[in-house]
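Here are my notes for a colleague opening this one for the first time. Have the picture beside you as you read.

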Amino acid sequence: MRFFLVRHGQTHANVARQLDTAVPGLDLTDTGHQQARALAERLAGEDLGAIYTSDLVRTQQTAAPLAERLGLEMVVLPGLREIQAGDYEMSTDWQPYVDAVIRWGDDPGHAIPGGDTGIGFMTRYDAAIRQIASDGHSAAVAISHGAAMRTWCTARLGLPPDFFASRRLDNTHVVTMEGDPDAGWRLLAWGDEPLTD
């Protein structure tokens, strides 16, 4: 299948630089709603069979213009939720959260205090992606979250360690891939940058 994994539009927490990972999460800003409409324009020409979101409101608000344009219902998959910040929720100091996620490379059982472990996060995210793939659509889009996308894409797309040194993952950034959970995934484009093996 062709799979478009998209980060949600800008939120009020993004502007305030807060770690907003708990349900339901903050709403999109006016800019975020504009980004959502632009995303609908960008993906409207794809032969999408389904639109998936996490259970945080910002992903559903991001998907809404595309769903309306294509006449598709949004399917909510809680497994697509952001990596849970736990004790760091709504903090403006991101470093302990980032350090904990980086540590998962060597110690996937490490827990963010009050939040996810690497094993727990990857298990639920993999299950959500497998559900999407098993629904049988030739193309689908999922709206998810920045840290979750970075972590999952690094692990499942085999990205090199320096991949993010020169690449961003901005709001409504689209990661295009093809494949499935069993055969593996091939990265086709990172935003507007085509990538091939």
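1. Start just after α6, where G158 takes a positive phi of about 60 degrees. Helices here are DSSP runs of H or I with at least four residues, strands are runs of E with at least two, and both are numbered from the N terminus. Before going on, some housekeeping: this is a predicted model, so local features need pLDDT of at least 70 and side-chain atom pairs count only at pLDDT 80 or more, while totals for chains, interfaces and linings use all residues. Residues are numbered from 1 along each chain as its sequence is written, and side-chain values use heavy atoms, with hydrogens and water left out.

2. Now α6 itself. Its buried residues are G146, A147, A148, M149, T151, W152 and C153. Buried means under 20% relative accessible area, exposed means over 50%, and partly exposed is in between (1.4 Å probe, protein chains only). What lies over those buried residues? The cover includes β1, α4, α5, β4, β5 and β6.

3. The largest pocket has a volume of about 1100 Å³, and 38 residues line it, with V101, G146, A147, R150 and T151 nearest its centre. Elements giving two or more residues to the lining are α1 (12-16), α4 (95-103), α5 (118-134) and α6 (146-156); α6 gives the most, six residues. For the record, a pocket is an open set of points on a 1 Å grid over the protein atoms alone, where a 1.4 Å probe fits and protein lies on both sides within 12 Å along at least five of seven lines; lining residues have an atom within 4 Å of a point. Points are joined across faces, edges and corners, and the volume is the space filled by probe spheres set on them.

4. What is the lining made of? It divides into 19 nonpolar, 10 polar and nine charged residues. In this count Ala, Val, Leu, Ile, Met, Phe, Trp, Tyr, Cys and Pro are nonpolar, Asp, Glu, Lys and Arg are charged, and the others, Gly among them, are polar.

5. On to the inside. The largest nonpolar core has 38 residues, and L5 and V175 have the most contacts inside it. At least two residues each come from β1 (2-7), β2 (50-53), α4, α5, β4 (139-144), α6, β5 (174-180) and β6 (184-190), and α5 supplies the largest share, six residues. A nonpolar core is a set of buried Ala, Val, Leu, Ile, Met, Phe, Trp, Tyr and Cys residues joined through side-chain atoms within 4.5 Å. Apart from this core lies another, of 14 residues, including I51, L66, V141 and V174.

6. V175 deserves a click. Setting aside neighbours within four places in sequence, V175 is in contact with F3, F4, L5, M149, C153, L157, L169, L187, A189 and W190. Contact means heavy atoms within 4.5 Å.

7. T59 lies in helix α3 and counts as buried, at 0% relative accessibility; its side chain reaches the backbone oxygen of L56 at 2.8 Å. V57 is in α3 too (residues 57-70), but V57 is partly exposed, with a relative accessible area of 24%. Beyond four places in sequence, V57 touches P24, G25, L26 and D27.

8. P24 sits in the loop between α1 and α2 (30-43). Most residues other than glycine have a negative phi, and most peptide bonds are trans. Against that background, M90 has a positive phi near 70 degrees and T172 one near 60 degrees. Are they buried or exposed? M90 is partly exposed at 31%, whereas T172 is buried at 13%.

9. Last stop: R167, in the loop between α6 and β5. Its side chain reaches the backbone oxygen of F163 at 3.2 Å and makes a polar contact with the side chain of E193 (3.1 Å). A polar contact is a pair of N or O atoms within 3.5 Å; within protein, one must be able to donate a hydrogen and the other to accept it, and residues adjacent in sequence count only if both atoms are side-chain atoms.
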